[in-house]
Amino acid sequence: MGNPARRFSKGRTARRRAQTFKASAPSIIECPNCHDMMLSHRVCKNCGHYDGKEIIAKVDVN
Ligand SMILES: [Zn+2]
């Protein structure tokens, strides 16, 4: 008995796979501590705060 060669066409599969490298834009929010722009759900690069706490201590390079 004949079996179907494919469930979806090659073009449909290729279109779906083409989505994988379409990276979504990173959501940038304002830091509640220093009000600098930062990536959400990341430690702030400017002041080192996350969730109201200081995660990365400031080190004076002098
Ligand atoms: Zn900050």
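The model is predicted, so local features are described only at pLDDT of at least 70 and side-chain atom pairs only at pLDDT 80 or more, while totals for chains, interfaces and linings use all residues. Residues are numbered from 1 along each chain as its sequence is written, and side-chain values use heavy atoms, leaving out hydrogens and water.

Let's begin with confidence. The protein chain has a mean pLDDT (the predictor's confidence in each residue, from 0 to 100) of 83, and 85% of its residues reach 70 or more. Strands here are DSSP runs of E with at least two residues, numbered from the N terminus. Confidence is highest in strand β2 (residues 37-39), at a mean of 91, and lowest in strand β4 (residues 53-54), at 84.

Now to the metal. The zinc ion has four protein donors (N, O and S atoms within 2.8 Å of the metal, or 3.2 Å for Na, K and Ca; water is not among the atoms, so sites may look incomplete): the SG atoms of C31, C34, C44 and C47, at 2.2 to 2.3 Å. Along the chain their spacing reads C-x2-C-x9-C-x2-C. The arrangement is tetrahedral (four donors with all angles between 85 and 135 degrees) because the donor atoms subtend angles of 105 to 115 degrees.

Finally, look at H49, which sits in strand β3 (residues 49-50). H49 is also buried, at 18% relative accessibility. A polar atom of its side chain lies 3.1 Å from the backbone oxygen of C47.

Key:
Tetrahedral: all angles 85-135°; square planar, octahedral: opposite > 155°, others 65-115°. Helix = DSSP H or I, 4+ residues; strand = E, 2+ residues; numbered from the N terminus. Buried < 20%, exposed > 50% of the residue type's maximum accessible area, 1.4 Å probe, protein only. Polar contact = N/O pair within 3.5 Å; in protein donor to acceptor, adjacent residues only side chain to side chain.
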